[in-house]
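Hi everyone, thanks for coming along. Let me put the structure up on the screen, and then I'll walk you through it.

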Amino acid sequence: MPQEQSTGGGQVGTGALYARFVEPLLRRDDGADAEQLSRLTLLALGQASLRRSWPLVSGSLAGLGVELQRRDPRLEQTLFGCRFANPVGLAAGFDKNGVAAAIWHLFGFGFAELGTVTWQPQPGNPRPRLFRLAEERAALNRMGFNNDGARGVRRTLERQGLPPQGQRPAVLGINLGKSKSVSLEMAPDDYAASLELLAPLADYAVVNVSSPNTPGLRDLQEEAQLRRLVERLRRLPACPPLLVKIAPDLEDDAIDTIARLAYEEGLAGVIAVNTSVHRLGLEGRRLEATGQTLSEEAGGLSGRPLRRRAVEVLRRLRATAGPALPLIGVGGIDSAEAAWERISAGASLIQIYTGWIYEGPALVPSILEGLTHQLDRHGCRTLSEVVGSGMPWRP
């Protein structure tokens, strides 16, 4: 967990405050309500983002950046036309409406993926819908793409006065999903409406066809459906670099098909993986909030139990797609060693979410410091040399 440190002027570091006041709430499944805690956090971050030029707020944010940012030119990469200051990103699902889009770089992130955003505003699935599995460092969610809709998200982003594309301190991606009420037949037009509206604000866009919490959505991973969807989006006049996010539960032949489709359709990359409908050895684990086992509950599993399968999918993608297709690894990354493993297996970039919640803000600088240490240990001049190399973690 984060160690206590000072940011100067006698202030206690963010990591220490998190460890002292937030981390104890996460030690039990039945601690503070997970969704309410996230909502309050985003409310505060959203206000900070809107008021980041105010003297008191800007000073606090500057201190946050000093504490959490780590800069090393060896970690920089340019992928699908975007310059990434480092390979660690915030995964989609946390900042669904982009309320803190202007300040994620101050937490050390090289990029942040906003959303998932749908064309229609949606309340999501009934509560409770987000559950902690504290001992396993995992979570179960069935949120259901709750968000303000594409028009609401655009207004939120515009209010923050973001720098132009290519001039931002962190790359911004927007993750797009299908509106729940829209049929699969009409899905391409639904995605296209969102993308056309949000493209001017996105450095890249992600086609989310892999959430388990919107009925029928995963059917869009089937080759003909996915090809039809991608071709519709690519016809937009200002389509940004387009990636697709896939499920960990796909069979090997389906993974191979998506890798080939990505190459044939000129996709900018593939994100592996989303949450899992499999319970990964936790079938009998009982949720405190409902009294039912995970095998009886709907939703996607994230966090540490997903790590092994996420690496397997990534390696399969890399073997089929070859070195030219950028891959982003996500799922169960909660340490520098897990991040190195994913990059060595073929990911150019990695994303964190569940691990970041449990470990706190200090996780990002810890990962970046661990990666630079491994570059030293292996004698590598750039992180790109490590991608897909199979280089082991050296303690």
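Let me begin with a bit of bookkeeping on charges: Lys and Arg count as positive, Asp and Glu as negative, while His and the chain ends are not counted. The place of a charge is NZ of Lys, CZ of Arg, CG of Asp or CD of Glu. On that basis, the 45 positive and 43 negative charges of the protein have mean positions 4 Å apart.

Now, the ground rules. This is a predicted model, where local features need pLDDT of at least 70, side-chain atom pairs count only at pLDDT 80 or more, and totals for chains, interfaces and linings use all residues. Residues are numbered from 1 along each chain as its sequence is written, and side-chain values use heavy atoms, with hydrogens and water left out.

On to the overall picture. The protein has 11 helices and 13 strands; these are DSSP runs numbered from the N terminus, with helices being H or I of at least four residues and strands E of at least two. Along the principal axes, the C-alpha atoms fill a box of roughly 60 × 50 × 45 Å.

How much of the protein is buried? Of the 395 residues, 58% count as buried, meaning under 20% relative accessible area, with exposed over 50% and partly exposed in between (1.4 Å probe, protein chains only). As for contacts (heavy atoms within 4.5 Å), take those between residues at least 6 apart in sequence: 72% of them join residues at least 24 apart.

Let's zoom in on helix 8, residues 307-321. Its end C-alpha atoms are 21 Å apart, in agreement with the 21 Å that its 15 residues should span at 1.5 Å a residue; the expected span is 1.5 Å times one less than the number of residues. Its buried residues include Val311, Leu314 and Arg318. What do the buried residues of helix 8 pack against? Among the partners are strand 9 (242-246), helix 7 (252-264) and helix 9.

Helix 9 (residues 336-345) is where you'll find Glu341. Glu341 counts as partly exposed, at 25% relative accessibility. Beyond its neighbours within four places in sequence, Glu341 touches Arg307 and Val311, so we are back at helix 8, residues 307-321.

Finally, some backbone geometry. Most residues other than glycine have a negative phi, and most peptide bonds are trans. Phe80 is not a glycine, yet has a positive phi of about 35 degrees; Phe80 lies in the loop between strand 1 (77-79) and strand 2 (82-84) and is buried at 18% relative accessible area. Phe145, also not a glycine, has a positive phi of about 55 degrees. Phe145 is in the loop between strand 6 (138-141) and helix 4 (149-159), buried at 7%.

And which bonds are cis? One runs from Arg127 to Pro128, with omega near 0 degrees, and Pro128 is in the loop between strand 4 (111-117) and strand 5 (130-133). Another links Ala272 to Val273, with omega near 20 degrees.

That's my tour, and I'm happy to talk it over.
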